[in-house]
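Here is a short report on one model. Look over the sequence and the structure first, then read on.

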Amino acid sequence: MDQDILSVRCALQDIITELSTIGDGDRLVEVLSSARRYLGEGDHPASAQEIAEFNRAHYTPFLRFLVAQMGPQWFDLLTSDRLDLWDSFFLEGPADQAFLVLMDSLVKTGPCIRLDRCVHVLEKFLQRGALAEVIWEVCQQQLEATPTPVLHEAILMRICSLPDHLANCLQKHNKAVFYPKNYYPHMGTAILRVLQMVSVSLRDGKGCSISFVSQLLGKVCMQGRQRELLSVLVPRLTTLVQSDCIWQRICWRLIESVPDRWIEPVVTGLVQMADGPATLSRLLGDLVVKNKKTQFLLTKKMLFLQYGHKKEALQSILGYMAMEIGRRPLLIKVLKELLEVWSSGSAVKHSPYPQLLYLSRSIFICLSLLNKEEIEGCKQELLFALTSGTRHYLDCSLPPARCLGMVVAECLSRYMEPGGPSLTFQYHEDEEIKDLKSVLTPPSISALDSAESVTASPGSSQSRIQPESNSNERERDPKADVGSDSELDSDDDLTPYDMSADTELKKSKIPAYIRDCMEVLISGDVEKLEVTMSSLSSLIRSNPSATREVSTELVKILLHLDDRAGGENFTQLRYAAMVSVTVIDPVPVTQSLTGEFYTLNYSLRQRMDILDVLAAAAQELSESVNPKKEEVPETVTHNFHSASSTHGNIKGDAPIDWRKIVEERIANKTRRFAKGHTSATPAATSNRFHAVAGHFFFPLIQNYDRPVVTFDLLGEDRLILGRLVHTLGVLMHLALNAMIASQMGKALLEFVWVLRFHTDPFVRQGLLFCASTILLSVPWELLMADMSEEVLEMKCWLADVIETDADEDCRRLAMSGLLLMEKLQNNLQLAPNQ
């Protein structure tokens, strides 16, 4: 053995010495060919002991020597047909050592012939599938008594970061095989080849280690390339583990051996790539029971902290827990924790709506996977969520959250008493709610239904297409229809009579007077009420004097009027009539509505109607109204001008302005090559809202902190408070350029400052909206003169909201207000310079 070691060492020293000074191409080829005998090639290959010694101690130094010698001289000596001889030393020896030498050479070498040759060899190295050999050799070395973890870590780093290294070295001249989108799928194929070798080794009764493969999988996924890698691994592994227990063991061990610091991206990628819970169960096995970090990830982090996963991922996670008896207790535990978090008032207040929807979807999936006995064991948690949790959602000021609470409450009541009575709410069922309810059906049943629908659809589409094709045939062959008498007598070619403007005849006549309308509204006659409501708004606007006599009584009747008959568009017609009354007679009607807003015996709906009517009426009053110009007949105008021109000089009552005559003559004799666009100056009109803005604004803002028996704005009635805040902001914005805007802004700023720390996000959004309207409606000079301290405090408050508020809309509104404040301040500083 010592003799073999000595002979290999001496022979290689002679070869290296001769290659260092060689200058003849033929001799260079001859020496390199003689060195290939230590790779087991050539006419006289070396013995097994010599090859093993060469691979162990001399292969890496010899490759580094070849890389160092590759330059212009060797490139000329080794012509293009002989360069493959130099390449063979990297492609036919131990793959792990050759890979390390090539990667180190690329990092240390600048743009030159040596770099181009190393890149070419590395490209051939990957194309021939040598990456699988590198991984397999490392796996074999890990079974040795003295493994080299430092070497294995270096190989791991270079395999995972090869696209980054090549991109840095080659920059714009990079090759397609080194792109991440091509390299990582190629790595997935190499991993599958290694696992196939592992399977063969296990069937032969030999031991094997796949921990390096697990490390490779974990590190690549940690770098964010799990989609490229797992898109190759998951479909193939899913097929292999279905009918082969050895492959199932290999797959489970592959995932279990991933280091804990990298297990999260691997499991997350498998959840996203798996077709369903069955596939995920085959790939993971009982990993959720064995590995604590995986259990935390699947039962806590992906359900409670991360809410961006799709519905299919949630069904895979929870369905995976439900597929085996040993994992079902985890599913029950998850359902109880989901119900606890969903029922928490703090979660409803501080969680965004997408997260609440995500929790609700998880609860529905859990309920669809549990049997009756398991649901009976969770009855206490279900009852708590139904009683306490639903109340928090119904009290929430955000409409989507309220609707979500209604949907979940209906579902929980049905599962608690399958055959008994259940809760029923009235809400608008949009696509989001329909999608939420669809997860109550288990995935397997959903897939079956979709398959049946796909199977049935061709028949239905064929039945729909058939008449169209027949009609097309008739159009192509008109002579075939000549002999048919029934079709000749058809009236299909007659033009239908336009009946779009027809109206349904009513037995009751439309009232012509406002007082008659009031009597109908009080009487309760269903048919008369429907006819009256359809024409009430136009009648009010056409009779303003009669409306002003009974405006306050009429608006009170409309406020208390309910839709007993269920008429069409009743709510819109009632709303339009109240707005019309308020616009026609704003002061007394506004005083009545604002006074009724804080009184007893009004529902929340009626109070919100008052706010909506006030905002709409203020909007209409603030709009400009173009006065109708009196049309003067052309003949009268002509006669007037002719008369003035005839008798003007005699009576002297219409003197001629000589300057005007001169200007007209100059204008007629002046030649103009271009003339700008001339437009009539719009006529100035008064803003009708400015005179009555105080009647709208101040009565609403003065009694908000005085609770009554059935109405507490600062307590449970947060929804009305939020609507009130938004209405005050609208009124403040409509008072732009009004004389009273400064007083309104000061009062509104004090109001905002008192409620700035309100817990409800809807109220905080309204307060931030009010802050922006104050900045827009009140001149900056007046703000800094009268309320400088309050404005500076508001600026600090906006900055604090941007940093600390949990609601995304609040942060966005605060950012807009802060930018507006800085813009106004900069404009004021630039004004004196201009």
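H3 passes H6 in a right-handed crossing. Helices (H or I, at least four residues) are DSSP runs, numbered from the N terminus.

The model is predicted: local features need pLDDT of at least 70, side-chain atom pairs count only at pLDDT 80 or more, and totals for chains, interfaces and linings use all residues. Residues are numbered from 1 along each chain as its sequence is written, and side-chain values use heavy atoms, with hydrogens and water left out.

Two packed helices are described by the angle between their axes and the distance between the axes. Axes are lines fitted to C-alpha atoms over the stretch in contact, and angles run from 0 to 180 degrees between N-to-C directions. The table gives both pairs.

| Pair | Angle | Axis distance |
|---|---|---|
| H3 (residues 48–69) and H6 (residues 95–108) | about 30° | 10 Å |
| H9 (residues 149–160) and H12 (residues 211–222) | about 40° | 10 Å |

Take H3 and H6, with an angle of about 30°. That angle makes H3 roughly parallel to H6. The cut-offs are under 35 degrees for roughly parallel, over 145 for roughly antiparallel, 65 to 115 for roughly perpendicular, and oblique for the rest. On H3, the contact (heavy atoms within 4.5 Å) is made by Asn55, Tyr59, Thr60, Leu63, Arg64 and Val67. H6 brings Gln97, Ala98, Val101, Asp104 and Ser105. By class, the contact of H3 with H6 has five nonpolar, four polar and two charged residues. Ala, Val, Leu, Ile, Met, Phe, Trp, Tyr, Cys and Pro count as nonpolar, Asp, Glu, Lys and Arg as charged, and the others, Gly among them, as polar.

Now H9 and H12, at about 40°. Their angle makes H9 oblique to H12. The contact includes His152 and Ile155 of H9, and Phe212 and Gln215 of H12. It divides into eight nonpolar, two polar and one charged residues.

Serine 88 sits in helix H5 (residues 83–91). Is serine 88 buried or exposed? Its relative accessibility is 8%, so serine 88 counts as buried. Buried means under 20% relative accessible area, exposed over 50%, and partly exposed in between (1.4 Å probe, protein chains only). Beyond its neighbours within four places in sequence, serine 88 is in contact with Arg36 and Leu39.

The protein chain has a mean pLDDT (the predictor's confidence in each residue, from 0 to 100) of 81, and 84% of its residues reach 70 or more. Over residues 444–489 the pLDDT is below 50.

Notes: Helix = DSSP H or I, 4+ residues; strand = E, 2+ residues; numbered from the N terminus. Left-handed = near helix turned anticlockwise from the far one by under 90°.
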